Amino acid sequence: AKCYKAVNERAGAFAGGEEVGVAFKCGCGDCPGLTVPKLDLQMAVLDALDVDVDAIYFGTCVQKATGLMNCPLNVEGVTRVMEDKFGVPVHMGTHEY
């Protein structure tokens, strides 16, 4: 819910920029992680609906899980794969609260 709050209030990663909208939300895929396959499916649906995606944001929950809770997700590796595959920037975290 806090990621949506950041988008709606144009706070955190969304502060000071253009108007922002959420096209979809995708979980990490649980351990060991199916992030890219889930995202690939979502991107195919959005493409069929002619919805453009300008950026991808990992939620702050992923940032906290990998930083504090020993989550095994290789964020740097997944980020590179996503940027190469989908051609949009990938960011970590959406808010500070």
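Analyst: Here are some notes on pockets, contacts and surface. This is a predicted model, where local features need pLDDT of at least 70, side-chain atom pairs count only at pLDDT 80 or more, and totals for chains, interfaces and linings use all residues. Residues are numbered from 1 along each chain as its sequence is written, and side-chain values use heavy atoms, with hydrogens and water left out.

User: How many salt bridges does the structure hold?

Analyst: It holds 1 salt bridge. That term means a side-chain nitrogen of Lys or Arg within 4 Å of a carboxyl oxygen of Asp or Glu. Asp40 pairs with Lys85, and their closest N and O atoms are 4.0 Å apart.

User: Which parts does the pair tie together?

Analyst: Asp40 lies in helix H2 and Lys85 in helix H4 (residues 75-86), so the pair links parts 45 residues apart in sequence. Helices (H or I, at least four residues) and strands (E, at least two) are DSSP runs, numbered from the N terminus.

User: New topic. What lines the largest pocket?

Analyst: There are 37 lining residues, and Phe14, Val22, Phe24, Ile56 and Tyr57 lie nearest the centre. Helix H1 (2-9), H2, S1 and helix H3 (60-68) each give two or more residues to the lining. A pocket is an open set of points on a 1 Å grid over the protein atoms alone, where a 1.4 Å probe fits, with protein on both sides within 12 Å along at least five of seven lines; lining residues have an atom within 4 Å of a point.

User: How much space lies in there?

Analyst: About 1100 Å³. That volume is the space filled by probe spheres set on the grid points, which are joined across faces, edges and corners.

User: Where is Leu73, and is it buried or exposed?

Analyst: Leu73 sits in the loop between H3 and H4. At 13% relative accessibility, Leu73 is buried.

User: Which residues have a positive phi without being a glycine?

Analyst: Arg10 has one, at about 50°, and so does Asp50, at about 60°. Arg10 is in the loop between H1 and H2. Asp50 is in the loop between H2 and S1. Arg10 is partly exposed at 39%, whereas Asp50 is exposed at 70%.

Conventions. Buried < 20%, exposed > 50% of the residue type's maximum accessible area, 1.4 Å probe, protein only.
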